[in-house]
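I open a page for this structure. My notes below follow the order in which I looked things up.

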Amino acid sequence: QVQLVESGGGLVHAGDSLRLSCAASGRDLGATCRAFSNYAMGWFLRALRKALDIVTAIIYSGGFTYYSDYVKGRFTISRDNVKNTVYLQMSSLKPEDTAVYYCAARLSFGTALFDSWDDYDYWGQGTQVTVSS
């Protein structure tokens, strides 16, 4: 099992920046073949009364990333495989970015990027980001 815990959400003003973190832990991460560095990660959001939507994704090594058109140029995903953590740096925030943000993980040794919620096996509980105008 892998547990994911997001943090860093909050209330900010339009134009502000925010960094979300997602820390991974769990028994499975102790095995070499299942270390955090072997997991592809993604960030999703769910705005009020809307479906879960991809924000960004990153492969196991951090070498390839994917961004939805909506956040491209404003958000940056990164990971620290020593700290078992993935980050979402958000800048130039807009009120439309208001949502609960979730991180997700799946075991993947390749360079494929996963942009669908059903590609992932593990999910965090989410962190609320609210952007006021």
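I began with burial: 43% of the 133 residues of the protein count as buried. Buried means under 20% relative accessible area, exposed over 50%, and partly exposed in between, with a 1.4 Å probe and protein chains only. I noted that this is a predicted model, in which local features need pLDDT of at least 70 and side-chain atom pairs count only at pLDDT 80 or more, while totals for chains, interfaces and linings use all residues. Residues are numbered from 1 along each chain as its sequence is written, and side-chain values use heavy atoms, with hydrogens and water left out.

**Fold and size**

I looked up the secondary structure and found eleven strands and zero helices. Helices (H or I, at least four residues) and strands (E, at least two) are DSSP runs, numbered from the N terminus. The pattern along the sequence is β-β-β-β-β-β-β-β-β-β-β. The radius of gyration is 14 Å, close to the 14 Å that the globule rule gives for 133 residues, so the protein is as compact as a globular protein of that length. That radius is taken over C-alpha atoms, and the rule is 2.2 Å times the number of residues to the power 0.38. I also noted the span of the C-alpha trace along its principal axes, about 45 × 25 × 25 Å.

Next I looked up contacts, meaning heavy atoms within 4.5 Å. Of the contacts with a separation of 6 or more, 59% are between residues 24 or more positions apart.

**Surface and charge**

The protein exposes about 6,700 Å², and carbon and sulfur atoms supply 51% of that area. Accessible areas come from the Shrake-Rupley method with a 1.4 Å probe; for residues, only the protein chains shown count as cover. I then checked the 12 positive and 12 negative charges, whose mean positions are 2 Å apart. Lys and Arg count as positive and Asp and Glu as negative, without His and the chain ends. Each charge is placed at NZ of Lys, CZ of Arg, CG of Asp or CD of Glu.

**Core**

Which residues touch the most other members of the largest nonpolar core? I found Leu4, Met41, Trp43, Met90 and Tyr101, in a core of 31 residues. Strands giving two or more residues to this core include E3 (18-25), E4 (39-46), E8 (85-90) and E9 (99-107). A nonpolar core is a set of buried Ala, Val, Leu, Ile, Met, Phe, Trp, Tyr and Cys residues joined through side-chain atoms within 4.5 Å. Another core, of seven residues, lies apart from it, with Phe44, Ile54, Ala57 and Ala104 among them.

I followed Met90: leaving out residues up to four places away in sequence, its contacts include Leu18, Phe75, Tyr101 and Val129.

**Loops**

Beyond four places in sequence, Ser108 touches Asn38, Tyr39, Ala40, Tyr60 and Phe114.

Most residues other than glycine have a negative phi. Arg49, in the loop between E4 and E5, has a positive phi of about 65°. Arg49 is exposed, with a relative accessible area of 76%. Ser92 also has a positive phi, near 50°; Ser92 sits in the loop between E8 and E9 and is partly exposed at 43%.

My last entry is Arg27, in the loop between E3 and E4 and exposed at 73% relative accessibility. Arg27 and Arg49 are 22 residues apart in sequence and 35 Å apart in space, C-alpha to C-alpha.
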